[in-house]
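Please examine the sequence and the structure shown below.

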Amino acid sequence: MADSSSPLEGLRRPALPRLPQVHQIVLPTPWEVGPVQIYLVEGSPLTLIDTGVRMPASRAALEAAFDALGYGLDEIERVVLTHYHGDHLGQAQSLREAGARLEVWSHEDDAFLCENFSAERDENIEGTAALFRDFGVSAELIERQTAMRKQWIAEDPLCDATRVDRRLRAGDRVEFKDLAFEVIHAPGHTAGHILLYEEETGTLITGDHLMGNAVPFTDNYYVEGAPDPRDPLARRPRFQGLPLYLESLRALRGGSFRAILPAHGGILERPARAIDDALLFYEVRIQRTLRTLRKLCRDGGPVSAWQLWQQLFPKADPVTQMRTRMLMVIGALDVLESEGEIATERGDDGVVLHRIARGRGQFESSVTARSRRSCSESGKVGMGGVGVAR
Ligand SMILES: [Zn+2]
């Protein structure tokens with residue numbers, strides 16, 4: 001973990017020229033993704049969008065920024081959460097405990113985790129172990145990875161659960177006396193991730209969905225319930241984040257956005273480019289997964305996601321760097337299966353295996369073809385690791 005102090009502590013950037021009621025406040029986190037950017041909307045009700053992690057340096061930075069704007073933390077009347085992760089939900093409950101009589105709003109699909117947050121629940125260690133076992137990771141590696149993650153969560157969780165007073169859905173509005181944001185549901189990174197859109201100025205607050213310095217991991221986990229009776233492989237239903245993430249990005253294309261205010265990585269003045277870059281990031285990885293699958297299948301039978309992982313990331317540590325990369329490989333396979341590019345079966349040991357679908361293998365999505373030139377120009381989207389954010 002990185003040092004929790006940061007040269008950016010307490011930094012408050014100037015208000016947006018087009019939307020002077022909105023202030024970006026930069027708070028430290030102890031994580032690789034760097035500081036988190038939250039937003040104060042000076043309006044009635046006084047509203048904070050996301051809250052930062054719960055740790056002294058973050059609290060001090062938030063207090064300093066509020067001081068500079070002439071407010072006390074106890075004056076916050078509403079908190080709107082883009083999603084439940086620790087650097088967004090983190091301080092909501094401690095603001096309440098400090099005396100703010102505030103409402104917390106989140107999407108209905110993230111509300112349970114906001115109200116019942118625990119590091120154990122967020123890590124979902126047993127669920128992840130079951131998922132990775134089904135996709136071919138060995139019991140020994142899963143055991144080592146599980147032990148490591150249990151050790152991590154024994155540290156301070158940096159986030160408290162809090163009550164959600166309003167459960168949001170797509171199309172709801174976050175209103176002020178002279179301003180309103182529309183709620184856009186953008187699942188993928190989490191099931192209940194939202195974006196907030198201010199139409200007059202074309203401003204889009206994106207949380208971790210679109211960032212200036214990373215692309216989020218997309219979640220993937222078994223949901224409660226029996227195996228799907230329509231699935232010939234009798235697989236358990238899963239939250240499949242990557243197909244949803246790509247769908248929600250594509251829905252943004254062509255939107256008349258003028259600025260993106262993300263949770264990490266500054267302010268993005270070229271929204272269309274940011275959307276295409278995030279799409280391209282994953283499209284490149286999906287294609288690479290397909291090429292690797294084709295190569296491995298030529299040498300033998302169908303292969304597991306874990307075999308693909310090993311081929312795709314030969315230099316990655318199979319314990320500490322397994323999780324987000326496995327989520328990426330499983331996500332890519334989900335996309336390829338939904339596109340009919342690959343066929344899926346079960347091995348004798350129950351492990352899910354994949355092969356190229358008969359008559360397929362020429363997959364190239366339109367966005368990749370269109371974006372290839374901008375990719376080579378910008379050099380921003382490489383073939384390296386997986387972008388992550390908490
Ligand atoms: Zn997040």
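## Basis of the report

This is a predicted model, in which local features need pLDDT of at least 70 and side-chain atom pairs count only at pLDDT 80 or more, while totals for chains, interfaces and linings use all residues. Residues are numbered from 1 along each chain as its sequence is written. Helices (H or I, at least four residues) and strands (E, at least two) are DSSP runs, numbered from the N terminus.

## The open sheet and its helices

An open sheet is formed by 6 strands in the order E1-E2-E3-E4-E5-E6, with mixed pairing. Two strands pair if DSSP finds at least two bridges between them. At the edges are strand E1 (22–27) and strand E6 (166–168), each of which pairs on one side only. From one strand to the next, the twist averages 25°. Strand E2 (residues 36–41) and strand E3 (residues 47–49) run antiparallel and are joined by 3 bridges; Val-41 has Thr-47 in E3 as its bridge partner.

Helix H1 (residues 56–69) packs on the sheet and touches E1 and E2, and its direction makes about 150° with that of E1. Axes are lines fitted to C-alpha atoms, for helices over the stretch in contact, and angles run from 0 to 180 degrees between N-to-C directions. Helix H4 (residues 108–115) lies across strand E5 (103–107) and E6, running at about 130° to E5.

Strand E9 (residues 194–198) runs antiparallel to E10 and is joined to it by 3 bridges, with Glu-198 standing opposite Thr-203. E9 and E10 form a hairpin with 4 residues between them, and Gly-202 in the turn has a positive phi of about 65°. E10 and strand E13 (residues 259–262) run parallel, joined by 4 bridges; the bridge partner of Thr-203 in E13 is Ala-259.

The loop between strand E10 (203–207) and strand E11 (220–222) contains Phe-217. Phe-217 is buried, with 23 other C-beta atoms within 10 Å. Phe-217 and Met-328 are 111 residues apart in sequence, yet 7.2 Å apart in space, C-alpha to C-alpha.

## Two helix pairs

Helix H6 (residues 125–134) and helix H7 (residues 139–153) have axes that come within 11 Å and cross at roughly 160°. H6 and H7 are therefore roughly antiparallel, the description for angles over 145 degrees. Ile-125, Ala-129, Phe-132 and Arg-133 of H6 meet Ile-142, Thr-146, Arg-149 and Lys-150 of H7 in the contact, for which C-beta atoms, placed from the backbone, must lie within 7 Å. These residues divide into 4 nonpolar, 1 polar and 3 charged; Ala, Val, Leu, Ile, Met, Phe, Trp, Tyr, Cys and Pro count as nonpolar, Asp, Glu, Lys and Arg as charged, and the others, Gly among them, as polar.

Helix H8 (residues 241–250) and helix H9 (residues 271–298) pack at an angle of about 155°, their axes 10 Å apart. This makes H8 roughly antiparallel to H9. The contact is made by Leu-242, Leu-246 and Leu-249 of H8 with Ile-275, Ala-278, Leu-279 and Tyr-282 of H9. The residues of this contact divide into 7 nonpolar, no polar and no charged.

Technical notes. Angles under 35 degrees count as roughly parallel, over 145 as roughly antiparallel, 65 to 115 as roughly perpendicular and the rest as oblique. Two residues are in contact if their C-beta atoms, placed from the backbone, lie within 7 Å. A residue is buried if 20 or more other C-beta atoms lie within 10 Å of its own, exposed if 12 or fewer, and partly exposed in between; C-beta atoms are placed from the backbone.
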